[in-house]
Amino acid sequence: MTVDRVLQEFLSEAQEIVESYNRDLLALDGARATGAYDPERINNAFRAVHSLKGLAGLFAVGPMTRLSHALESLLDSLRLGRVRLAPEVLDLLFEAVELYGAMIADTSAGRPLADAMVDDYLARVAAAAGAAKPASPAPRLAGFDLDPTILSVLTEYEEHRLRESIAAGRRLYRIHAPFDLASIDTGLDELKGRLKPVGEVVTYLPSSEPTAEDKIDLDVILASDRPPAEVEAAIADTGASVSSVNVPARAAPAAPPVLAHEEGEDRGRSLKSISQTVRVDIRKLDHLMNVVGELAVARTGIQGILEELRGHRDVGDLVRRLQHESRTLERKLNELQAGILEVRMVPLGQIFDKLSRVVRRISREAGKEVRLTISGAETELDKLIVEELSDPLMHIIRNAIDHGIEPAELRRAAGKPETGTIAIVAQQRGNHVVIDVRDDGAGFDEARILETALARGLIAREQAHELSRRELMNLVFLPGFSTRDTATELSGRGVGMDVVKTNIAKLSGIIDLASTRGRGTQITITLPITLAIIPALIIRAAGRTYAVPLNSVLESLTMTPGDVRTIEGREVLSLRGQTLTLARVDQVLALKLREPPPARSYVVVVGLAQHRLGLVVDELVGQQDIVIKSLGRALARVPGIAGATELGGQQIVLVLDVGALVEESRRGASEAA
Amino acid sequence: MASRGLPYATEATFHRRAGARAATWQHEVLAFALGDEEYAVDIRRIREIIKTRPVTEVPRAPAFVPGIISVRGQIIPVIELRQRLRLPAPPRPPGREARVLIVSRGDEDFGLLVDEVRQVVRMRDSDVEPPPAMLGGPDVDLISGIGRPWGDRMLILLDLDAVLTFAEGRP
């Protein structure tokens, strides 16, 4: 048990490191075009695989150790400039992300890792590292007015960076900075922070010219393309002084000082973790949430006792005090609940990073140039939702690249830029997060969708002309719209789109598609922020009580039987000039009536995205915050029910799955017609 | 833990007093009544025994699942055992003696609705017969054997995993 837990810890830590490694590669890839990448990114990637090597060694995951070791050498060669950061090298580095992912998955599933899985890859890495040659003729370091004592202690990396900077025509500055012995760490960090925007700190060394007893003076060598005034401005009021280092225009070639350097180790870097975070199993949070829910139920019980006590005169003062305490308890409970919810929230950026990698790989496979733009990566969603979202998004993007974005020649002919664009935009709207995935590809062909839907018997011919454009587009989400075999010839993005839709629906989300032939496609996913706790409307129908998530309730109104009309046998209501389809809760759920329906009933208008439905109920009971609990696997597939919740006094009510009900009513409409 | 809070006199107590050696018992089951018959399940599978409480009906659930209850914040489906076993006797509202046995399968819990809990029974391997090929009432697939601890008493031993497997593969 504990061994399992330790292993899980290792795997999730490894996963995080691989993700950060991936982010660094993406940044390098993005900057490669301009040629000015941040060398710190290579260092980060190097540190990442170094940590992975250590971890894998600790847990005796042999292939992972070997992989990390090989990558470490390659990245070391990169940061020392022995290997150039060419696209092929970057590809190799990206490939490692997949390999690590597979290893983590296998180890997690208890499958032993085969050495063979990395052999081929390691051979290619070795070849790439072996092809090492200096990127450019090394400029001479002699002839600068740098203190030879400084030159003699540069590490190979620092020396490489110095040469690179000189080759790039940057200026060199020496910054002389006094620090208090007591606070040198923070002081130095601050100075580096100020210098970072104006250049690259090549090295820093204790100065040979100390100024005072309790001070330590450092000489910082900065490479920068900024004029001296800007560098001076950056460190103004730090007490440091700047002087320029003379760089001879073209120094005569001579042997570079051959110096001792460490073996790619990060000298002086602490092993202490910098991050202030704790990894927590989400199930522990679920458990805490359950406890909070029970506390809330207990508080309701106390409130009930209070109400009863109110009648007794002789305890009036006690009742008041108890009431006061009870309110405090309620407030604190709410805070606790909000706190737990907040802990569950993670930024969508986590999956967007993975998606960038997918785009890169698939577009290369497909031989298409595709640019991915992302906005709203900081938008937060419940961890569970984010986890479940990555597969559907991956699917959508794969489809967009495979079938949406046209080959370069076609795009040119259509007057579009050769590079296709896929844009992901996430934003919060009230209790929902809306994620748009847009591409500027070929779009869907309406006529073909219609043809296919007819051919597969998904709609009837006479029904076809009644479909709105949007309804027509959304036919691609129907199961059976397309199969793997026919997907391509149908210009089909239909590969498993029904699966995508089902996955989104499981998260109480709605997916919608809009497309313009020749212009592109936009898929919109609307999701609740959390599934853990939601405000709900409590209703009664057919003698039973149900909860309806409030985030999908638009309004509620009273209704008398006379208000109801029928269209093709389906009950509808005219609401402000629009036709609203009605669904009687007892009929939808096939409930036996326990009492005759009341003469006057209520309509709860629910909607997700642009779809509306009027739920006919007997009574509106009130609003309450509820914690939705799963019915368990045994009853998991009860359609129309999202889960259950406790209202207090051991009363359990079912929570209606509005998305599924709306869906069912739409499907019912097309079947009936 | 498994038998915590059982207020019933058990044969185990009797045998311990009589000086019998516990090591010779291979089966320890909880016997309960369903109609006129006596059934039993492995005591190690029972986490808890609670009084019946109102269930919340779940639409479209199998007919033998009258609904769900909450046990300490956890939602648990309740199984009406008579219907699950397809006993001919019609289901009737649970009486005063009716109990819900909370049993687990994997990491999921279920409640079994029974008419009355009788006692814990210990048996040797030799006291247990394989399930008869032809049995009048219940589904033979759900039965692991027949226990005859003494005399004419007959306990129908339930195969809990089979009883609790009903959702997989259902559309």
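This is a predicted model: local features need pLDDT of at least 70, side-chain atom pairs count only at pLDDT 80 or more; totals for chains, interfaces and linings use all residues.
Reader: What makes Asp445(A) a cap of H15(A)?
Author: A side-chain oxygen of Asp445(A) lies 3.1 Å from the backbone nitrogen of Ala447(A), at the N-terminal end of H15(A). The helix itself spans residues 446–455 of chain A; helices are DSSP runs of H or I with at least four residues, and strands are runs of E with at least two, numbered from the N terminus. Its buried residues are Ile449(A), Thr452(A), Ala453(A) and Leu454(A), and their cover includes helices H16 (461–464) and H17 (469–473) of chain A.

Reader: Why is Glu38(B) called buried?
Author: Its relative accessible area is 12%, and buried means under 20%, exposed over 50%, and partly exposed in between (1.4 Å probe, protein chains only). Glu38(B) is therefore buried. This residue belongs to strand E2 (residues 37–42) of chain B.

Reader: How do you know that the side chains of Glu38(B) and Arg153(B) make a polar contact?
Author: The two side chains are joined at 2.6 Å. A polar contact is a pair of N or O atoms within 3.5 Å; within protein, one atom must be able to donate a hydrogen and the other to accept it, and residues adjacent in sequence count only if both atoms are side-chain atoms. Beyond four places in sequence, Glu38(B) is in contact (heavy atoms within 4.5 Å) with residues including Phe32(B), Arg118(B) and Met154(B).

Reader: What places Met117(A) among the partly exposed residues?
Author: Met117(A) has a relative accessible area of 26%, which means that it is partly exposed. It is found in helix H5 (residues 116–130) of chain A. Among its contacts outside four places in sequence is Leu99(A); the C-alpha atoms of Met117(A) and Leu99(A) are separated by 8.2 Å.

Reader: Why are H3(A) and H4(A) called roughly antiparallel?
Author: H3(A) (residues 62–79) and H4(A) (residues 87–108) pack at about 160°, with their axes 11 Å apart. Axes are lines fitted to C-alpha atoms, for helices over the stretch in contact, and angles run from 0 to 180 degrees between N-to-C directions. Angles under 35 degrees count as roughly parallel, over 145 as roughly antiparallel, 65 to 115 as roughly perpendicular, and the rest as oblique. H3(A) and H4(A) are therefore roughly antiparallel. By class, their contact has 14 nonpolar, one polar and no charged residues.

Reader: What makes H13(A) roughly antiparallel to H18(A)?
Author: The axes of H13(A) (residues 383–404) and H18(A) (residues 497–506) come within 9 Å and cross at roughly 150°. That angle makes H13(A) roughly antiparallel to H18(A). Among the residues that meet are Leu389(A) and Ile396(A) in H13(A), and Met497(A) and Val500(A) in H18(A). The contact divides into six nonpolar, three polar and no charged residues.

Conventions:
Residues are numbered from 1 along each chain as its sequence is written. Chains are lettered from A and ligands numbered from 1 in the order in which they are written. Side-chain values use heavy atoms; hydrogens and water are left out. Ala, Val, Leu, Ile, Met, Phe, Trp, Tyr, Cys and Pro count as nonpolar, Asp, Glu, Lys and Arg as charged, and the others, Gly among them, as polar.
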